[in-house]
Amino acid sequence: MSEELKGWTEIPIGGVILEAGSSHEYNTGGWRTFRPILDREKCTDCMICWWYCPDTCILVAEGKILGFDLDHCKGCGICAEVCPPKITAITMIEETEAEHLYGMVGIYEGKK
Amino acid sequence: MAKVVAYTGNMAAAEAMRQIDPEVCAAYPITPSTEIMQIFAQFVADGQVSTELVPVESEHSAMSACVGAAAAGGRVMTATSSQGLALMWEILYIAASLRQPVVMAVANRALSGPLNIHGDHSDTMGARDSGWIQLYSENAQEAYDNLIQAVRIGEHPRVRLPVMVCYDGFIISHSIERMELLEDEEVKGFIGEHHSLYPLLDVDNPMTHGPVDLQNYYTEHKRQQVEAMKHAGHVILEVGAEYGRLAGRPYGLFEKYRLEDAELGVAVLSSAAGTTKEVVDELRLRGVKAGALKLRVFRPFPAAELAKALSGLKAVAVLDRADSFGAMGGPVFIEVRSALLGLPKPPLCINYIYGLGGRDLLMVDIERVYDRLAEVAKTGKVEPLHDYLTVRT
(Lines give C-alpha, C1' and ligand atoms only; values in the text may rest on other atoms or scores of the structure.)
Protein backbone atom coordinates (compact mmCIF):
# COMPACT_ATOMS: atom_id res chain seq x y z
CA MET A 1 0.00 0.00 0.00
CA SER A 2 1.59 3.19 -1.14
CA GLU A 3 -1.14 5.65 -0.08
CA GLU A 4 -1.06 7.46 3.25
CA LEU A 5 -3.05 5.35 5.74
CA LYS A 6 -5.62 7.31 7.71
CA GLY A 7 -6.53 7.11 11.38
CA TRP A 8 -9.82 5.96 12.89
CA THR A 9 -10.96 9.53 13.45
CA GLU A 10 -10.41 10.45 9.80
CA ILE A 11 -12.39 7.78 7.95
CA PRO A 12 -16.16 7.31 7.52
CA ILE A 13 -17.73 4.90 10.00
CA GLY A 14 -18.86 1.42 9.02
CA GLY A 15 -16.23 0.90 6.33
CA VAL A 16 -18.28 2.87 3.81
CA ILE A 17 -16.46 3.94 0.67
CA LEU A 18 -17.84 7.30 -0.39
CA GLU A 19 -16.63 7.30 -3.98
CA ALA A 20 -17.62 5.22 -6.96
CA GLY A 21 -15.24 3.04 -8.93
CA SER A 22 -12.59 2.86 -6.24
CA SER A 23 -12.04 -0.86 -6.83
CA HIS A 24 -9.81 0.19 -9.75
CA GLU A 25 -7.24 1.31 -7.19
CA TYR A 26 -7.01 -2.16 -5.72
CA ASN A 27 -4.79 -4.34 -7.86
CA THR A 28 -6.12 -7.88 -7.73
CA GLY A 29 -3.73 -9.11 -10.43
CA GLY A 30 -1.46 -10.39 -7.69
CA TRP A 31 -4.03 -13.08 -6.84
CA ARG A 32 -3.51 -14.71 -10.27
CA THR A 33 -2.20 -18.27 -10.51
CA PHE A 34 -3.00 -18.75 -14.20
CA ARG A 35 -2.62 -16.07 -16.86
CA PRO A 36 -4.73 -15.83 -20.01
CA ILE A 37 -2.63 -15.74 -23.17
CA LEU A 38 -4.22 -14.44 -26.36
CA ASP A 39 -3.31 -15.81 -29.77
CA ARG A 40 -4.05 -12.79 -31.96
CA GLU A 41 -3.86 -14.91 -35.14
CA LYS A 42 -6.73 -17.09 -33.97
CA CYS A 43 -8.84 -14.34 -32.35
CA THR A 44 -11.87 -13.27 -34.41
CA ASP A 45 -12.79 -10.36 -32.05
CA CYS A 46 -16.19 -11.93 -31.39
CA MET A 47 -16.19 -10.17 -27.99
CA ILE A 48 -17.63 -13.14 -26.10
CA CYS A 49 -14.73 -12.99 -23.61
CA TRP A 50 -15.27 -9.23 -23.18
CA TRP A 51 -18.92 -9.92 -22.43
CA TYR A 52 -18.18 -12.62 -19.83
CA CYS A 53 -15.11 -11.27 -18.01
CA PRO A 54 -16.32 -10.56 -14.44
CA ASP A 55 -13.59 -7.98 -13.86
CA THR A 56 -13.78 -6.01 -17.13
CA CYS A 57 -10.19 -6.99 -17.85
CA ILE A 58 -10.49 -7.58 -21.61
CA LEU A 59 -8.87 -4.58 -23.25
CA VAL A 60 -10.56 -3.48 -26.46
CA ALA A 61 -9.90 -0.66 -28.92
CA GLU A 62 -11.74 -0.04 -32.17
CA GLY A 63 -13.46 -3.41 -32.11
CA LYS A 64 -10.23 -5.34 -31.57
CA ILE A 65 -9.23 -7.35 -28.53
CA LEU A 66 -5.85 -5.99 -27.42
CA GLY A 67 -5.19 -8.24 -24.45
CA PHE A 68 -5.83 -8.26 -20.72
CA ASP A 69 -5.68 -5.79 -17.85
CA LEU A 70 -3.17 -7.76 -15.83
CA ASP A 71 -3.31 -5.34 -12.89
CA HIS A 72 -6.82 -6.59 -12.18
CA CYS A 73 -7.19 -9.99 -13.95
CA LYS A 74 -7.46 -12.65 -11.21
CA GLY A 75 -6.87 -15.48 -13.69
CA CYS A 76 -10.30 -17.06 -13.29
CA GLY A 77 -10.13 -18.52 -16.79
CA ILE A 78 -13.69 -17.65 -17.82
CA CYS A 79 -12.41 -15.92 -20.98
CA ALA A 80 -10.59 -19.08 -22.09
CA GLU A 81 -13.64 -21.17 -21.23
CA VAL A 82 -16.07 -19.09 -23.30
CA CYS A 83 -13.76 -18.61 -26.28
CA PRO A 84 -15.54 -20.67 -29.01
CA PRO A 85 -14.20 -24.25 -29.35
CA LYS A 86 -13.32 -23.75 -32.99
CA ILE A 87 -11.25 -20.66 -32.17
CA THR A 88 -9.52 -21.34 -28.78
CA ALA A 89 -7.59 -18.08 -29.03
CA ILE A 90 -7.13 -17.85 -25.23
CA THR A 91 -5.16 -20.36 -23.21
CA MET A 92 -4.40 -20.28 -19.50
CA ILE A 93 -0.81 -20.93 -18.47
CA GLU A 94 0.85 -20.81 -15.09
CA GLU A 95 1.70 -17.29 -14.03
CA THR A 96 5.34 -18.10 -13.26
CA GLU A 97 5.76 -19.60 -16.71
CA ALA A 98 3.95 -16.66 -18.30
CA GLU A 99 6.23 -14.18 -16.58
CA HIS A 100 9.24 -16.12 -17.83
CA LEU A 101 7.92 -16.31 -21.40
CA TYR A 102 6.13 -13.00 -21.85
CA GLY A 103 6.98 -10.77 -18.91
CA MET A 104 4.00 -8.70 -17.83
CA VAL A 105 2.42 -8.55 -21.31
CA GLY A 106 -0.58 -10.80 -21.89
CA ILE A 107 -0.67 -10.75 -25.68
CA TYR A 108 0.96 -13.48 -27.70
CA GLU A 109 1.85 -11.79 -30.98
CA GLY A 110 1.45 -14.91 -33.08
CA LYS A 111 3.99 -17.62 -33.75
CA LYS A 112 7.60 -16.59 -33.55
CA MET B 1 -53.06 12.17 29.13
CA ALA B 2 -51.55 8.70 29.24
CA LYS B 3 -53.72 5.83 28.11
CA VAL B 4 -53.75 2.96 30.61
CA VAL B 5 -53.98 -0.53 29.10
CA ALA B 6 -53.63 -4.18 30.11
CA TYR B 7 -50.99 -5.54 27.73
CA THR B 8 -48.62 -8.46 27.47
CA GLY B 9 -44.96 -7.68 26.81
CA ASN B 10 -45.39 -8.71 23.19
CA MET B 11 -48.46 -6.49 22.78
CA ALA B 12 -46.46 -3.63 24.29
CA ALA B 13 -43.59 -4.22 21.85
CA ALA B 14 -45.95 -4.42 18.86
CA GLU B 15 -47.69 -1.23 19.97
CA ALA B 16 -44.35 0.56 20.25
CA MET B 17 -43.53 -0.63 16.74
CA ARG B 18 -46.88 0.65 15.45
CA GLN B 19 -46.20 4.07 16.93
CA ILE B 20 -42.61 4.13 15.67
CA ASP B 21 -43.88 3.08 12.21
CA PRO B 22 -40.54 1.90 10.79
CA GLU B 23 -40.02 2.00 7.03
CA VAL B 24 -39.01 -1.66 6.85
CA CYS B 25 -39.53 -4.66 9.08
CA ALA B 26 -38.13 -8.05 8.06
CA ALA B 27 -38.92 -10.84 10.48
CA TYR B 28 -39.40 -14.55 10.98
CA PRO B 29 -41.59 -15.91 13.78
CA ILE B 30 -40.20 -17.77 16.77
CA THR B 31 -41.56 -18.52 20.24
CA PRO B 32 -41.96 -16.48 22.44
CA SER B 33 -41.60 -13.40 20.24
CA THR B 34 -43.94 -14.64 17.47
CA GLU B 35 -46.84 -12.60 18.79
CA ILE B 36 -45.01 -9.29 18.24
CA MET B 37 -44.87 -9.84 14.52
CA GLN B 38 -48.32 -11.44 14.44
CA ILE B 39 -49.83 -8.29 15.95
CA PHE B 40 -47.63 -6.00 13.89
CA ALA B 41 -48.51 -7.84 10.65
CA GLN B 42 -52.14 -7.07 11.47
CA PHE B 43 -51.26 -3.38 11.80
CA VAL B 44 -49.62 -3.58 8.37
CA ALA B 45 -52.61 -5.40 6.86
CA ASP B 46 -55.00 -2.84 8.35
CA GLY B 47 -52.99 0.05 6.95
CA GLN B 48 -52.21 1.43 10.40
CA VAL B 49 -48.52 1.70 9.55
CA SER B 50 -46.65 2.48 6.35
CA THR B 51 -44.07 -0.25 7.01
CA GLU B 52 -42.84 -2.53 4.25
CA LEU B 53 -43.14 -5.91 5.99
CA VAL B 54 -40.79 -8.53 4.56
CA PRO B 55 -41.77 -12.07 5.58
CA VAL B 56 -38.48 -13.88 5.07
CA GLU B 57 -37.55 -17.58 5.15
CA SER B 58 -35.24 -17.48 8.19
CA GLU B 59 -33.80 -15.19 10.83
CA HIS B 60 -30.52 -15.11 8.96
CA SER B 61 -32.45 -13.57 6.07
CA ALA B 62 -34.45 -11.36 8.42
CA MET B 63 -31.37 -9.66 9.82
CA SER B 64 -29.75 -9.56 6.36
CA ALA B 65 -32.79 -7.78 4.94
CA CYS B 66 -32.77 -5.41 7.92
CA VAL B 67 -29.13 -4.50 7.31
CA GLY B 68 -29.81 -3.98 3.61
CA ALA B 69 -32.87 -1.85 4.26
CA ALA B 70 -31.03 0.23 6.86
CA ALA B 71 -28.09 0.73 4.48
CA ALA B 72 -30.57 1.79 1.83
CA GLY B 73 -31.64 4.56 4.20
CA GLY B 74 -34.67 3.28 6.11
CA ARG B 75 -35.63 3.09 9.76
CA VAL B 76 -35.71 -0.64 10.42
CA MET B 77 -37.04 -2.91 13.16
CA THR B 78 -37.43 -6.61 13.79
CA ALA B 79 -38.00 -9.09 16.62
CA THR B 80 -36.78 -12.53 17.58
CA SER B 81 -35.86 -14.98 20.36
CA SER B 82 -33.38 -17.74 21.16
CA GLN B 83 -32.61 -19.92 18.10
CA GLY B 84 -33.76 -17.10 15.88
CA LEU B 85 -31.17 -14.80 17.42
CA ALA B 86 -28.62 -17.59 17.09
CA LEU B 87 -29.40 -17.94 13.40
CA MET B 88 -28.92 -14.17 12.98
CA TRP B 89 -25.50 -14.40 14.58
CA GLU B 90 -23.16 -13.48 11.76
CA ILE B 91 -25.45 -10.70 10.59
CA LEU B 92 -25.68 -9.27 14.13
CA TYR B 93 -21.99 -8.46 13.90
CA ILE B 94 -22.43 -7.08 10.39
CA ALA B 95 -25.32 -4.80 11.44
CA ALA B 96 -23.16 -3.38 14.23
CA SER B 97 -19.94 -3.04 12.27
CA LEU B 98 -21.68 -1.49 9.25
CA ARG B 99 -23.17 0.89 11.84
CA GLN B 100 -26.81 0.33 10.94
CA PRO B 101 -29.13 1.40 13.79
CA VAL B 102 -31.58 -1.49 13.49
CA VAL B 103 -33.85 -1.83 16.54
CA MET B 104 -34.82 -5.34 17.60
CA ALA B 105 -37.16 -6.58 20.31
CA VAL B 106 -35.89 -9.80 21.87
CA ALA B 107 -38.17 -11.92 24.05
CA ASN B 108 -35.40 -13.75 25.89
CA ARG B 109 -35.51 -17.53 25.67
CA ALA B 110 -33.09 -20.33 26.49
CA LEU B 111 -30.92 -21.67 23.71
CA SER B 112 -31.18 -25.33 22.75
CA GLY B 113 -30.34 -27.91 23.76
CA PRO B 114 -32.00 -29.68 25.25
CA LEU B 115 -34.88 -27.92 23.56
CA ASN B 116 -36.52 -25.35 25.81
CA ILE B 117 -38.85 -22.51 24.87
CA HIS B 118 -38.88 -20.61 28.17
CA GLY B 119 -37.14 -17.51 29.37
CA ASP B 120 -33.48 -17.18 30.18
CA HIS B 121 -30.72 -14.90 28.95
CA SER B 122 -28.47 -17.36 27.14
CA ASP B 123 -29.56 -15.98 23.76
CA THR B 124 -28.74 -12.27 24.20
CA MET B 125 -25.86 -12.82 26.62
CA GLY B 126 -24.20 -14.87 23.92
CA ALA B 127 -24.57 -11.87 21.61
CA ARG B 128 -23.00 -9.47 24.09
CA ASP B 129 -19.86 -9.05 21.98
CA SER B 130 -21.70 -8.54 18.70
CA GLY B 131 -21.49 -4.76 18.99
CA TRP B 132 -25.20 -4.19 19.70
CA ILE B 133 -26.42 -1.94 22.46
CA GLN B 134 -28.42 -4.08 24.91
CA LEU B 135 -31.24 -2.75 27.06
CA TYR B 136 -32.96 -5.13 29.50
CA SER B 137 -36.55 -4.55 30.57
CA GLU B 138 -38.18 -5.54 33.85
CA ASN B 139 -41.75 -5.55 32.56
CA ALA B 140 -44.01 -4.73 29.62
CA GLN B 141 -43.91 -1.02 30.41
CA GLU B 142 -40.12 -0.98 30.24
CA ALA B 143 -40.10 -3.04 27.04
CA TYR B 144 -42.37 -0.42 25.47
CA ASP B 145 -40.41 2.54 26.85
CA ASN B 146 -37.05 1.00 25.91
CA LEU B 147 -38.12 0.31 22.32
CA ILE B 148 -39.13 3.94 21.79
CA GLN B 149 -35.88 5.18 23.32
CA ALA B 150 -33.85 2.63 21.35
CA VAL B 151 -34.72 4.39 18.11
CA ARG B 152 -33.27 7.66 19.38
CA ILE B 153 -30.23 6.00 20.95
CA GLY B 154 -29.24 3.90 17.94
CA GLU B 155 -29.79 6.68 15.41
CA HIS B 156 -27.85 9.33 17.33
CA PRO B 157 -25.12 10.68 14.99
CA ARG B 158 -22.39 9.85 17.52
CA VAL B 159 -23.72 6.34 18.10
CA ARG B 160 -25.16 4.77 14.91
CA LEU B 161 -25.38 1.30 16.40
CA PRO B 162 -28.12 -1.35 16.46
CA VAL B 163 -30.04 -1.79 19.69
CA MET B 164 -31.68 -4.88 21.13
CA VAL B 165 -34.42 -4.41 23.69
CA CYS B 166 -34.67 -7.54 25.81
CA TYR B 167 -37.43 -8.79 28.06
CA ASP B 168 -38.03 -12.20 29.58
CA GLY B 169 -39.82 -14.72 27.39
CA PHE B 170 -43.25 -15.79 28.72
CA ILE B 171 -42.69 -14.21 32.14
CA ILE B 172 -43.02 -10.80 30.46
CA SER B 173 -43.81 -11.55 26.84
CA HIS B 174 -47.03 -13.43 27.69
CA SER B 175 -48.11 -11.94 31.02
CA ILE B 176 -50.69 -9.19 31.07
CA GLU B 177 -49.81 -6.10 33.09
CA ARG B 178 -51.12 -2.64 33.63
CA MET B 179 -49.11 -0.17 31.62
CA GLU B 180 -49.31 3.28 30.10
CA LEU B 181 -49.06 4.24 26.46
CA LEU B 182 -47.98 7.52 24.97
CA GLU B 183 -50.04 9.21 22.30
CA ASP B 184 -49.02 8.42 18.71
CA GLU B 185 -48.04 12.06 18.16
CA GLU B 186 -45.91 12.08 21.30
CA VAL B 187 -43.94 9.07 20.09
CA LYS B 188 -43.57 10.56 16.62
CA GLY B 189 -42.31 13.81 18.07
CA PHE B 190 -39.93 12.06 20.44
CA ILE B 191 -38.26 9.80 17.88
CA GLY B 192 -38.22 12.50 15.17
CA GLU B 193 -37.49 12.07 11.48
CA HIS B 194 -35.09 9.34 10.46
CA HIS B 195 -31.86 10.58 8.93
CA SER B 196 -29.67 7.98 7.30
CA LEU B 197 -25.96 8.77 7.37
CA TYR B 198 -24.95 7.15 4.08
CA PRO B 199 -28.14 6.08 2.29
CA LEU B 200 -27.48 3.72 -0.62
CA LEU B 201 -30.62 5.01 -2.34
CA ASP B 202 -28.96 8.43 -2.66
CA VAL B 203 -28.15 7.69 -6.30
CA ASP B 204 -26.49 11.06 -6.85
CA ASN B 205 -23.77 10.06 -4.40
CA PRO B 206 -22.78 6.51 -5.26
CA MET B 207 -20.99 4.65 -2.46
CA THR B 208 -20.12 1.16 -1.28
CA HIS B 209 -21.33 -0.49 1.92
CA GLY B 210 -19.63 -3.61 3.24
CA PRO B 211 -16.47 -3.80 1.13
CA VAL B 212 -13.55 -6.01 2.09
CA ASP B 213 -11.61 -4.44 4.99
CA LEU B 214 -8.16 -5.92 5.42
CA GLN B 215 -5.15 -5.50 7.71
CA ASN B 216 -4.79 -1.84 6.77
CA TYR B 217 -8.19 -0.59 8.04
CA TYR B 218 -10.14 -3.27 9.97
CA THR B 219 -8.59 -2.23 13.30
CA GLU B 220 -9.55 1.42 12.73
CA HIS B 221 -13.17 0.43 12.11
CA LYS B 222 -13.25 -1.63 15.32
CA ARG B 223 -11.80 1.31 17.22
CA GLN B 224 -14.64 3.46 15.88
CA GLN B 225 -17.15 0.96 17.27
CA VAL B 226 -15.56 1.26 20.70
CA GLU B 227 -15.95 5.03 20.51
CA ALA B 228 -19.59 4.69 19.45
CA MET B 229 -20.28 2.52 22.51
CA LYS B 230 -18.65 5.15 24.74
CA HIS B 231 -20.91 7.84 23.28
CA ALA B 232 -23.89 5.50 23.63
CA GLY B 233 -23.50 5.62 27.41
CA HIS B 234 -24.01 9.41 27.41
CA VAL B 235 -26.75 9.32 24.80
CA ILE B 236 -28.69 6.66 26.74
CA LEU B 237 -28.69 8.99 29.76
CA GLU B 238 -29.74 12.04 27.72
CA VAL B 239 -32.51 10.14 25.96
CA GLY B 240 -33.62 8.52 29.23
CA ALA B 241 -33.94 11.91 30.93
CA GLU B 242 -35.81 13.42 27.98
CA TYR B 243 -38.15 10.42 27.91
CA GLY B 244 -38.77 10.98 31.59
CA ARG B 245 -39.93 14.53 30.89
CA LEU B 246 -42.30 13.22 28.22
CA ALA B 247 -43.66 10.08 29.88
CA GLY B 248 -43.03 10.72 33.57
CA ARG B 249 -40.77 7.67 33.67
CA PRO B 250 -37.10 8.70 33.51
CA TYR B 251 -34.52 6.05 32.64
CA GLY B 252 -30.88 5.70 33.61
CA LEU B 253 -28.20 3.07 33.15
CA PHE B 254 -29.55 1.07 36.09
CA GLU B 255 -32.04 1.44 38.92
CA LYS B 256 -30.82 1.72 42.50
CA TYR B 257 -33.25 0.25 44.97
CA ARG B 258 -32.78 1.12 48.65
CA LEU B 259 -29.01 1.10 48.14
CA GLU B 260 -28.16 4.34 50.01
CA ASP B 261 -27.51 2.78 53.42
CA ALA B 262 -27.51 -0.87 52.27
CA GLU B 263 -24.85 -3.37 53.34
CA LEU B 264 -25.98 -6.36 51.28
CA GLY B 265 -26.92 -5.97 47.64
CA VAL B 266 -28.16 -8.04 44.75
CA ALA B 267 -27.45 -7.02 41.15
CA VAL B 268 -29.87 -8.49 38.66
CA LEU B 269 -31.57 -7.63 35.38
CA SER B 270 -34.99 -8.04 33.76
CA SER B 271 -38.07 -9.52 35.45
CA ALA B 272 -36.21 -11.02 38.41
CA ALA B 273 -35.43 -7.46 39.53
CA GLY B 274 -39.09 -7.02 40.46
CA THR B 275 -39.04 -10.09 42.70
CA THR B 276 -35.74 -8.95 44.22
CA LYS B 277 -37.17 -5.55 45.14
CA GLU B 278 -40.05 -7.28 46.93
CA VAL B 279 -37.54 -9.31 48.92
CA VAL B 280 -35.59 -6.15 49.77
CA ASP B 281 -38.77 -4.59 51.19
CA GLU B 282 -39.47 -7.66 53.34
CA LEU B 283 -35.90 -7.83 54.62
CA ARG B 284 -35.93 -4.12 55.44
CA LEU B 285 -39.00 -4.73 57.64
CA ARG B 286 -36.88 -7.28 59.52
CA GLY B 287 -34.05 -4.78 59.90
CA VAL B 288 -31.72 -6.27 57.29
CA LYS B 289 -29.87 -3.54 55.41
CA ALA B 290 -30.69 -4.97 51.99
CA GLY B 291 -30.63 -3.19 48.66
CA ALA B 292 -30.76 -4.06 44.97
CA LEU B 293 -29.44 -2.81 41.67
CA LYS B 294 -31.38 -3.48 38.51
CA LEU B 295 -29.12 -3.28 35.49
CA ARG B 296 -30.86 -1.82 32.45
CA VAL B 297 -27.93 -1.24 30.11
CA PHE B 298 -25.61 -4.21 29.70
CA ARG B 299 -23.93 -2.90 26.53
CA PRO B 300 -22.29 -0.45 26.88
CA PHE B 301 -21.52 -1.78 30.37
CA PRO B 302 -21.66 1.16 32.82
CA ALA B 303 -18.67 -0.01 34.86
CA ALA B 304 -17.67 3.21 36.63
CA GLU B 305 -21.22 4.28 37.51
CA LEU B 306 -22.13 0.79 38.69
CA ALA B 307 -19.01 0.45 40.86
CA LYS B 308 -19.84 3.79 42.47
CA ALA B 309 -23.42 2.73 43.14
CA LEU B 310 -22.28 -0.50 44.81
CA SER B 311 -19.22 0.94 46.57
CA GLY B 312 -20.87 1.32 49.98
CA LEU B 313 -21.91 -2.34 50.24
CA LYS B 314 -20.19 -5.03 52.25
CA ALA B 315 -21.20 -7.85 49.91
CA VAL B 316 -22.86 -8.12 46.50
CA ALA B 317 -24.43 -11.11 44.78
CA VAL B 318 -24.84 -11.00 41.03
CA LEU B 319 -27.71 -13.10 39.68
CA ASP B 320 -27.18 -14.46 36.18
CA ARG B 321 -29.91 -16.04 34.07
CA ALA B 322 -27.28 -17.58 31.78
CA ASP B 323 -24.01 -19.33 32.47
CA SER B 324 -20.68 -18.98 30.70
CA PHE B 325 -19.37 -22.52 30.87
CA GLY B 326 -15.81 -22.73 32.04
CA ALA B 327 -15.65 -19.04 32.92
CA MET B 328 -15.36 -17.61 36.43
CA GLY B 329 -19.10 -17.07 36.51
CA GLY B 330 -22.08 -15.82 34.56
CA PRO B 331 -21.65 -12.96 32.09
CA VAL B 332 -23.11 -10.26 34.34
CA PHE B 333 -20.99 -11.41 37.29
CA ILE B 334 -17.76 -11.25 35.33
CA GLU B 335 -18.47 -7.64 34.33
CA VAL B 336 -19.73 -6.49 37.72
CA ARG B 337 -16.82 -8.06 39.58
CA SER B 338 -14.32 -6.48 37.17
CA ALA B 339 -15.98 -3.10 37.69
CA LEU B 340 -15.84 -3.46 41.48
CA LEU B 341 -12.15 -4.35 41.48
CA GLY B 342 -11.41 -0.78 40.42
CA LEU B 343 -12.64 0.48 43.80
CA PRO B 344 -10.17 1.18 46.64
CA LYS B 345 -12.23 -1.05 48.96
CA PRO B 346 -14.39 -3.27 46.72
CA PRO B 347 -17.33 -5.11 48.28
CA LEU B 348 -17.08 -8.90 48.31
CA CYS B 349 -18.80 -10.31 45.25
CA ILE B 350 -20.41 -13.68 44.57
CA ASN B 351 -22.42 -15.15 41.72
CA TYR B 352 -25.57 -17.23 41.48
CA ILE B 353 -27.01 -18.77 38.33
CA TYR B 354 -30.80 -18.93 38.41
CA GLY B 355 -33.88 -19.37 36.28
CA LEU B 356 -32.35 -21.35 33.42
CA GLY B 357 -34.89 -22.50 30.84
CA GLY B 358 -37.60 -20.46 32.57
CA ARG B 359 -37.31 -22.06 36.01
CA ASP B 360 -39.11 -19.93 38.56
CA LEU B 361 -37.16 -17.71 40.88
CA LEU B 362 -39.11 -17.43 44.11
CA MET B 363 -38.79 -14.86 46.85
CA VAL B 364 -37.45 -17.54 49.20
CA ASP B 365 -34.66 -18.25 46.71
CA ILE B 366 -33.60 -14.60 46.76
CA GLU B 367 -33.86 -14.54 50.57
CA ARG B 368 -31.34 -17.38 50.61
CA VAL B 369 -29.01 -15.15 48.57
CA TYR B 370 -29.24 -12.36 51.16
CA ASP B 371 -28.66 -14.92 53.95
CA ARG B 372 -25.51 -16.04 52.17
CA LEU B 373 -24.46 -12.41 51.67
CA ALA B 374 -24.77 -11.80 55.40
CA GLU B 375 -22.45 -14.75 55.97
CA VAL B 376 -20.01 -13.54 53.29
CA ALA B 377 -19.95 -10.09 54.88
CA LYS B 378 -19.33 -11.62 58.32
CA THR B 379 -16.69 -14.21 57.40
CA GLY B 380 -15.13 -12.62 54.31
CA LYS B 381 -15.32 -16.04 52.67
CA VAL B 382 -16.58 -15.86 49.06
CA GLU B 383 -16.12 -19.52 48.08
CA PRO B 384 -17.95 -20.87 46.18
CA LEU B 385 -17.70 -17.79 44.03
CA HIS B 386 -20.03 -19.17 41.38
CA ASP B 387 -22.95 -21.38 42.34
CA TYR B 388 -26.40 -22.45 41.22
CA LEU B 389 -29.31 -21.01 43.13
CA THR B 390 -32.14 -23.17 41.85
CA VAL B 391 -30.84 -26.64 41.06
CA ARG B 392 -31.42 -30.13 42.44
CA THR B 393 -28.44 -32.28 43.33
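Predicted model: local features only at pLDDT ≥ 70, side-chain atom pairs only at ≥ 80, totals over all residues.
Areas follow the Shrake-Rupley method with a 1.4 Å probe. Helix 1 of chain A (residues 48–52) gives the most to the patch, with four residues. Trp51(A) lies in this helix and is exposed, with a relative accessible area of 67%. Here, exposed means over 50% relative accessible area, buried under 20%, and partly exposed in between.

Residues are numbered from 1 along each chain as its sequence is written, and chains are lettered from A in the order in which they are written. Local features need pLDDT of at least 70 and side-chain atom pairs count only at pLDDT 80 or more, while totals for chains use all residues; side-chain values use heavy atoms, without hydrogens and water.

Turning to chain B, there are 13 helices and 15 strands, which are DSSP runs (helices H or I, at least four residues; strands E, at least two). The radius of gyration of chain B, 21 Å, is close to the 21 Å that the globule rule gives for 393 residues, so the chain is as compact as a globular protein of that length. This radius is taken over C-alpha atoms, and the rule is 2.2 Å times the number of residues to the power 0.38. Of the 393 residues, 56% count as buried. Chain B exposes about 16,000 Å², of which carbon and sulfur atoms supply 54%.

Helix 1 of chain B (residues 9–20) reaches 16 Å from its first C-alpha to its last, close to the 16 Å expected at 1.5 Å a residue, where the expected span is 1.5 Å times one less than the number of residues. This helix is mostly covered, as 11 of its 12 residues are buried, including Gly9(B), Met17(B) and Ile20(B). Asp21(B), with a positive phi near 55 degrees, follows the helix.

Further along, His231(B) lies in helix 9 of chain B (residues 218–247) and is buried, with a relative accessible area of 16%. Leaving aside neighbours within four places in sequence, His231(B) is in contact (heavy atoms within 4.5 Å) with Arg158(B) and Val159(B).

Technical notes:
Buried < 20%, exposed > 50% of the residue type's maximum accessible area, 1.4 Å probe, protein only.
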